[in-house]
Amino acid sequence: MALISLQEVSLGFGGPLLLEDVNLQIEPGEWVGLLGRNGMGKSTLLKLVSGEILPHSGNIARQQNTRVAYLPQEVPQGLSGRVIDIVESGLEEVNINKLDDEHRWQRQHQVEKIISRMALDADASFDVLSAGMKRRVFLARGLVREPDLLLLDEPTNHLDIAAIDWLEDFLKRWGGTLLFVTHDRVFLQRLTTRIVELDRGHLYDWDCDYSTFVQRKEAMLSAEQTENALFDKKLAQEEQWIRKGIEARRTRNEGRVRALKRLREMRAERRELSGKVRMQIQTENKSGRLVIEAEHVNYSVGGKQIIRDFSTTIQRGDKIGIIGPNGSGKTTLLRILMEQLKPDSGELRHGTNVEMSYFDQLRAQLDENKSILDNVGQGRDTITINGRARNLMGYLEDFLFTRERVRAPISALSGGERNRLLLARLFAQPANLLILDEPTNDLDIETLEVLEDLLLDYEGTLLLVSHDRAFLNNLVTSTLILTGDGEVKEYVGGYDDWQKQIESSPASPGKSSKPVTTPQAESKADAKPAKRKLSYNEKRELEELPKRIEMLEAEQSQLTVKMEAPAFYQQESEKITQAVNRLDEIHHELSQAYQRWGELES
């Protein structure tokens, strides 16, 4: 029997219905990926399934006693307190004082078990955690009730690659029923057993993995376009017939007239697929062959080495990916390469005729007080793209901004719309060096793929910070890996190429603290000779190590963020020295913890 069943469900908020007589069943044990363009209603559907909102019509049936946990796109504001208290709040609200000792102990054990399993610090303050750790706490809050169905809305947003790897691994080990929305194609391919797509108010059940869905979807759209073209041709012929002269109207077939009216109704009811984003990059002038050269560059903040002895040569046409944990200095490295920050030592020089454009992941280049039109046009009605003048309104329509909206302030834009707006602003300027810092956040898969194709054809030079593994694999020719201790290593190829080169070293810096276990890896492990059994104390130590490493890495990230802020150096020198010394201690403790983990696992 299905855990959840939606039957002829409809819902809308003005304009076309977001959901129109949709049906959906989710069976126990399924991992369902929910796809659709931005604004199609995916988050709304999750809220319906969770019971947060009710449909306007239709029925939602739930198996008796089914427990559902929902993790929204953004962690709700206002959550504060200790991690253990927030996790416990996910349990059913009861008067603790009225519970007997046995039930009180079971409740406490349930909370402690999920905190340990997710490597969280029970006594840590939620307020000071990174965005990724906050999402992990909120996930624990949902899982503590041991749900039958887990709903995740863009769970990988704003996580670094190590955190995404951890989440994938955790969900595989958890093994419950999943319904999730994501734009991360690798995440989809690794986790989904079934794809459901929301498109123009209707749900399409593809019952396949992601790669098979892509092939079938392309064939369906092609067939739909052919069918619509034939329909429109027939309608045009009938309209021409009805407009013939008086003689034709005297002898016309009334049945044919009724059929024409029905054709008109069918055409009016058709919901067209909204246009694709259309992007162009201006590359009016080529740079010289040498774009950027760095020799033995060092950069520190408050005694913390961010970049150590870094050398590289970037040539025209290179497409370079930059990967590293949150707080490791990826954005700092970009700013050094752009000459926005001056290195402490070493040499940096740009080649001739370099014209750069920078995509800031914080979107600070957007002016909240200006409209969409003014943010891009900056007072102009036309812009020049590759030597051709274009009306600004038409240019913005290419990025799916309607003429009705372009004069409105940008404060109400969603994350995906803000990213599209920043890309529109970026590509309105000529550039032969593009520097993109997390450009894929909040973009739907279709827009992301359009951007990917555009960058593949781009003849200039590209520097790209991203946590999207498929995006990196499909685009970059080499990858810079920041380890978090100042070292920057360079590898040929994209994310998968880097992973292959470090597979033999599971505790390598920059990898997730716990490798994802696949069935193939498990079978290989089974074939190995039996290992020495760990003692009781060693088992306890091995169980505690991931939690300790997570705490150290979180503290390291928090300290790094604080020390990158200018205000940090306006306080007493004693406090600055304490922070610098603590960072050194953390680095030493992490090295020892990783080494010990390797010893115990081997």
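Buried residues make up 48% of the 602 residues in this protein, where buried means under 20% relative accessible area, exposed means over 50%, and partly exposed is in between, with a 1.4 Å probe and protein chains only. Before I go on, this is a predicted model, in which local features need pLDDT of at least 70 and side-chain atom pairs count only at pLDDT 80 or more, while totals for chains, interfaces and linings use all residues. Residues are numbered from 1 along each chain as its sequence is written, and side-chain values use heavy atoms, with hydrogens and water left out.

The protein has 19 helices and 20 strands. Helices (H or I, at least four residues) and strands (E, at least two) are DSSP runs, numbered from the N terminus. As for contacts, meaning heavy atoms within 4.5 Å, residues 24 or more positions apart account for 69% of those with a separation of 6 or more.

Now to the sheets. Two strands pair if DSSP finds at least two bridges between them. Three strands, in the order β11-β10-β13, form an open sheet with antiparallel pairing. Which strands stand at the edges? They are β11 (304–315) and β13 (345–350); each has a single partner strand, so one side of each is left without a neighbour in the sheet. Neighbouring strands here are turned by 15° against each other on average, direction ignored. For such angles, axes are lines fitted to C-alpha atoms, for helices over the stretch in contact, and the angles run from 0 to 180 degrees between N-to-C directions.

Strand β10 covers residues 290–301 and pairs with β13 over 5 bridges, in the antiparallel sense. Within that pairing, Asn298 has Ser345 of β13 as its bridge partner. With β11, strand β10 pairs over 8 bridges, again antiparallel, and Glu293 stands opposite Thr313 in β11. β10 and β11 form a hairpin with 2 residues between them, and Gly302 in the turn has a positive phi of about 60°.

Which helix packs on this sheet? Helix α10 (residues 330–337) does, touching β10, β11 and β13, and its direction makes about 50° with that of β11. Look at Leu333, which is found in α10. Leu333 is buried, with a relative accessible area of 1%. Leaving aside neighbours within four places in sequence, Leu333 is in contact with Ile307, Phe310, Ile322, Leu480 and Leu482. Take Phe310 from that list: Leu333 and Phe310 are 23 residues apart along the chain, and their C-alpha atoms are separated by 9.8 Å.

Next, an open sheet of 6 strands. The order is β14-β17-β18-β12-β19-β20, and the pairing is mixed. At the edges are β14 (356–359) and β20 (488–492), each of which pairs on one side only. On average, neighbouring strands of this sheet are turned by 15° against each other, direction ignored. Strands β17 (residues 433–437) and β18 (residues 461–465) run parallel and are joined by 5 bridges. Leu436 stands opposite Leu464 in β18. Helix α16 (residues 495–502) lies across β12 (319–323), β19 (478–482) and β20, running at about 105° to β20.

A word on backbone angles. Most residues other than glycine have a negative phi, and most peptide bonds are trans. Asp207 has a positive phi, near 50°, and is not a glycine. Asp207 sits in the loop between β9 (202–205) and α7 (210–242). Is Asp207 buried or exposed? Asp207 is exposed, with a relative accessible area of 56%. Glu438, also not a glycine, has a positive phi of about 55°. The place of Glu438 is the loop between β17 and α14 (445–457). Glu438 is buried, with a relative accessible area of 10%.

Last, empty space. Rolling a probe the size of a water molecule over the atoms shows where empty space is left. On a 1 Å grid over the protein atoms alone, a cavity is a set of points where a 1.4 Å probe fits but cannot get out, and lining residues have an atom within 4 Å of a point. Grid points are joined across faces, edges and corners, and a volume is the space filled by probe spheres set on the points. How many cavities of 30 Å³ or more does the structure hold? It holds 1. The largest cavity has about 90 Å³ of space. It is lined by 13 residues, and the closest to its centre are Asp160, Ile161, Ile323, Gly324 and Lys330.

Definitions and conventions. On a 1 Å grid over the protein atoms alone, a cavity is a set of points where a 1.4 Å probe fits but cannot get out, and a pocket is an open set with protein on both sides within 12 Å along at least five of seven lines; lining residues have an atom within 4 Å of a point.
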